[in-house]
Amino acid sequence: MPQTTTTVTSCVKPVEELRSVEISFEDHEFYAGQKLVASITHDDDLTQPWIVMVNGEEIHRANTFKRCHSYITWHYQRGTLPIQEEETPVATTGNEIMVQIADECEKYGFEILNDGIYDHEQKLGEVGCTNSRWWVIRTTSVHQQKVPCDSALEALWVLSMVELTQPSREELLNKPFDELTPQEWERLREYQPVVERELVAA
């Protein structure tokens, strides 16, 4: 009987390997390249606390993280995992950002001017939002770096923690006159030159 050679081909097409990114102990995201495929999160369910999420909806639940991981891998390789839709970023206009900052400033009694946020004519710093990411720069920061924040609320809270220290006489004298506040001018007027004080004492 003649022998024949048969070539067996896999019915499962090769797919890109999944990469897991740990966001926190309870939250993990799974990517194929740069595309989000699914995520695993955790809740307070006593028997099946681990949840597979796609498009913000629960599609599977298990008692261990590993079982959720296996579920995602198995269904992804077979093409039966629901397709994760790309999130469309919420467009935020400059006016909406300013409204949020103004609302938070009002809560603290702060004033918004062109160059930053003030409390009783003393500059606390600046708050802004770039590419949907909030940031704050404190006036007291040495390098004037943008510190990331989650919201306008948090940014203003950070500014409210700025210590309002009174500048020394030397600092006031070295400051450009057009940058002095009315309160600082008043403080400068109260100072007497050392020579005058010595003559008065004599």
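Which residues of helix H3 (residues 152-160) are buried? I started my notebook with this one, working from a predicted model. I found Ala152, Ala155, Leu156, Val158 and Leu159 as the buried residues of H3. Next I looked down the axis of H3: these buried residues fall within an arc of 155°, so they line one face of the helix.

**Entry: salt bridges**

I counted the salt bridges and got 5. I then went through some of them by residue.

I looked up Arg61 and found its side chain in a salt bridge with the side chain of Asp45, at 4.0 Å from N to O. Arg61 lies in strand E5 (residues 57-62) and Asp45 in the loop between E3 and strand E4 (50-54), so the pair ties together parts that are 16 residues apart in sequence. I also checked how open the two partners are: Arg61 is partly exposed, because its relative accessibility is 21%, and Asp45 is partly exposed at 33%.

Arg61 has another partner on my list, Glu58, with the closest N and O atoms of that salt bridge 3.1 Å apart. I noted Glu58 as partly exposed too, since its relative accessible area is 45%.

I moved on to helix H2 (residues 94-108). Here Glu104 forms a salt bridge with Lys107, and the closest N and O atoms are 3.1 Å apart. Both residues sit in H2, 3 residues apart, which is about one turn of the helix. Are Glu104 and Lys107 buried or exposed? I have Glu104 as buried, because its relative accessibility is 11%, and Lys107 as exposed, because its value is 60%. To finish the salt bridges, I traced shared partners and found Asp43, Asp45, Glu58 and Arg61 joined into one network.

**Entry: Thr41**

I picked Thr41, which is found in strand E3 (residues 35-42). What does the side chain of Thr41 make a polar contact with? I found the side chain of Asp27, at 2.7 Å. Setting aside neighbours within four places in sequence, I listed Glu26, Asp27, Pro49, Trp50, Ile51 and Met53 as the contacts of Thr41.

**Entry: a surface patch**

Tyr108, Trp157 and Met161 make a nonpolar patch of about 310 Å². Tyr108 lies in helix H2, and I noted Tyr108 as partly exposed, because its relative accessible area is 32%.

Key: Residues numbered from 1 in each chain as written. Predicted model: local features only at pLDDT ≥ 70, side-chain atom pairs only at ≥ 80, totals over all residues. Heavy atoms only, no water. Patch = residues over 30% accessible without salt bridge, like charges linked within 9 Å, V, L, I, M, F, W, Y side chains within 5 Å. Areas by Shrake-Rupley, 256 points an atom, 1.4 Å probe, with all protein chains shown as cover. Helix = DSSP H or I, 4+ residues; strand = E, 2+ residues; numbered from the N terminus. Buried < 20%, exposed > 50% of the residue type's maximum accessible area, 1.4 Å probe, protein only. Polar contact = N/O pair within 3.5 Å; in protein donor to acceptor, adjacent residues only side chain to side chain. Contact = heavy atoms within 4.5 Å. Arc of directions from axis to C-beta.
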